[in-house]
Amino acid sequence: MNETVAPGGAELRARAEIDLAAVRANVRALRERAPGAALMAVVKADGYGHGAVACARAAVEAGATWLGTATPQEALALRAPGAGVPDDVRIMCWLWTPGGPWREAVEAGLDVSLSGMWALREVIGAARLAGRPARVQLKADTGLGRGGCQPGDDWAELVAEALRAEAEGLLRVTGLWSHFACADEPGHPSVAAQLTRFREMVAYAERQGVDPEVRHIANSPATLTLPESHFDLVRPGIAMYGVSPSPEIGTPADFGLRPVMTLSAALALVKHVPGGHGVSYGHHYVTPGETTLGLVPLGYADGIPRHASSSGPVLVEGKWRTVAGRIAMDQFVVDLGGDEPGPGAEAVLFGPGDRGEPTAEDWAQAAGTIAYEIVTRIGSRVPRVYVNEEQGG
Ligand SMILES: Cc1ncc(COP(=O)(O)O)c(C=O)c1O
């Protein structure tokens with residue numbers, strides 16, 4: 001058995017390499033798709049697992065003038081002094097629950113999304129305490145059936161009360177916005193229906209006197225494929241990380257996008273085993289003959305989906321290997337077919353694909369999920385290693 005530690009300095013158990021030049025290039029590519037609109041880089045969920053602050057900064061360097069998050073805590077972290085996000089970059093967050101923190105959000109100058117009257121009342125209270133007007137964006141449910149205010153009486157009431165508060169100097173309605181249900185399914189009838197509804201709800205609010213800075217509805221698939229949805233601002237998330245919103249609409253390369261994350265690990269063990277040897281919990285894999293097994297020190301606690309047991313692909317020494325048996329909490333095994341890479345040899349789970357490695361999409365297919373989930377769930381135990389941090393890289 002070759003016990004030499006593989007060259008290449010595999011000093012980390014595992015790493016998620018984050019290519020910030022790819023973030024910048026992807027944001028530029030997205031801006032070219034929507035030349036008449038500003039761009040909000042969506043960096044919720046720690047930048048879809050890539051690191052919110054680093055990706056936000058890279059996106060801003062490439063021309064994003066807005067940042068978007070789900071929770072107010074995520075947005076406040078981007079406003080923190082050390083984050084290095086310029087003050088003139090607007091930050092919006094949309095997932096609120098009673099209690100806020102509304103006042104902190106108002107004081108930080110965040111754009112806060114309101115879907116209903118309870119939230120309007122809370123933000124008005126916070127604006128009074130803060131002694132400054134809140135920046136609010138009214139969210140319309142144009143058909144997603146998730147967040148957002150229903151059209152009709154609910155929308156009329158929200159618009160009227162927001163205008164009343166605006167007249168009192170307690171807030172400014174900076175945006176009118178919505179979110180698609182099926183933009184990743186081109187031609188889905190809900191897309192046109194939502195656009196019509198959005199135009200109607202915006203027109204209603206504007207007739208009542210709302211004068212928003214931005215109207216927006218486009219996520220990544222809409223930014224890439226639906227120019228009529230771009231309005232004043234596009235809000236791509238997954239595409240800025242170089243992942244296609246859906247294989248049906250195209251690969252990242254089809255849109256000039258480059259995957260940002262490369263997930264790799266150093267093999268923790270390589271050993272010979274006889275044929276008929278059960279592998280990992282449950283013995284769902286049994287070696288078909290004498291072979292070598294490689295131990296990959298990543299598991300479902302690191303976000304490797306257990307559903308990809310016996311199917312997830314890994315590149316080791318230029319060859320695709322498949323997860324052998326169950327993915328455990330911290331580790332899984334690949335059958336190396338008799339090859340003997342040294343312990344420490346690199347196992348690449350996914351990356352851009354240039355070196356022949358699988359992509360996040362390959363893992364999504366292996367696990368029966370979407371690539372969003374693959375990148376977003378990579379756990380905090382896996383260090384993010386940033387490359388090309390300097391602009392020009
Ligand atoms: C409100 C909102 N806007 C934009 C996005 C970005 O979506 P995508 O990652 O598909 O571009 C999301 C993410 O789900 C979202 O929740």
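Leaving out residues up to four places away in sequence, which residues does Ala 45 touch? Ala 45 touches Glu 74 and Thr 376, where a contact means heavy atoms within 4.5 Å. Before going on, a word on what you're looking at: this is a predicted model, in which local features need pLDDT of at least 70, side-chain atom pairs count only at pLDDT 80 or more, and totals for chains, interfaces and linings use all residues. Residues are numbered from 1 along each chain as its sequence is written, and side-chain values use heavy atoms, with hydrogens and water left out.

Back to Ala 45, then. You'll find Ala 45 in helix H2 (residues 44–48); helices (H or I, at least four residues) and strands (E, at least two) are DSSP runs, numbered from the N terminus. Ala 45 isn't a glycine, yet its phi is positive, about 50 degrees. Its relative accessibility is 35%, so Ala 45 counts as partly exposed; buried means under 20% relative accessible area, exposed means over 50%, and partly exposed is in between, using a 1.4 Å probe and protein chains only. Pro 313 is 268 residues away from Ala 45 along the chain, and their C-alpha atoms are separated by 25 Å.

Now step back to the whole chain. It is divided into domain 1 (20–243) and domain 2 (261–369), with bounds that come from an automatic or database domain assignment. Taken over C-alpha atoms, the centres of the two domains are separated by 40 Å.

What about the inside? The largest nonpolar core has 124 residues, and Phe 332 and Trp 363 have the most contacts inside it. A nonpolar core here is a set of buried Ala, Val, Leu, Ile, Met, Phe, Trp, Tyr and Cys residues joined through side-chain atoms within 4.5 Å. Domain 1 and domain 2 each supply at least three residues to this core. Take a look around Trp 363: setting aside neighbours within four places in sequence, its contacts include Phe 332, Ile 304, Val 323, Leu 349, Phe 350 and Ile 374. Apart from this core lies another one, of six residues, among them Val 279, Leu 293, Leu 295 and Ala 324. In soluble globular proteins, nonpolar side chains tend to be buried together.

Helix H3 (residues 52–61) has seven of its 10 residues buried, so the rest of the structure largely encloses it. Those buried residues are Ala 52, Ala 54, Cys 55, Ala 56, Ala 58, Ala 59 and Val 60. After H3 comes Gly 63, with a positive phi near 110 degrees.

Further along, helix H6 (residues 117–130) packs with helix H7 (residues 153–167) at an angle of about 10 degrees, their axes 10 Å apart. That makes H6 roughly parallel to H7, since angles under 35 degrees count as roughly parallel, over 145 as roughly antiparallel, 65 to 115 as roughly perpendicular and the rest as oblique. The axes are lines fitted to C-alpha atoms, for helices over the stretch in contact, and angles run from 0 to 180 degrees between N-to-C directions. From H6, Met 117, Leu 120 and Ile 124 meet Glu 157, Leu 158, Glu 161, Ala 162 and Ala 165 of H7.

A few loops are worth a stop too. Pro 101 sits in the loop between strand S4 (90–93) and helix H5 (102–107). A cis peptide bond joins it to Gly 100, with omega about 25 degrees.

Ala 268 is in the loop between strand S10 (261–266) and strand S11 (269–273). With a relative accessible area of 47%, Ala 268 is partly exposed. Leaving aside neighbours within four places in sequence, Ala 268 is in contact with Leu 295 and Pro 297.

Gly 276 lies in the loop between S11 and strand S12 (278–279), and it is exposed, at 53% relative accessible area. Val 286 is 10 residues from Gly 276 in sequence and 5.4 Å from it in space, C-alpha to C-alpha.

Finally, find Glu 317 in the loop between strand S15 (313–316) and strand S16 (319–322). This residue other than glycine has a positive phi, near 45 degrees, and at 53% relative accessibility Glu 317 counts as exposed.
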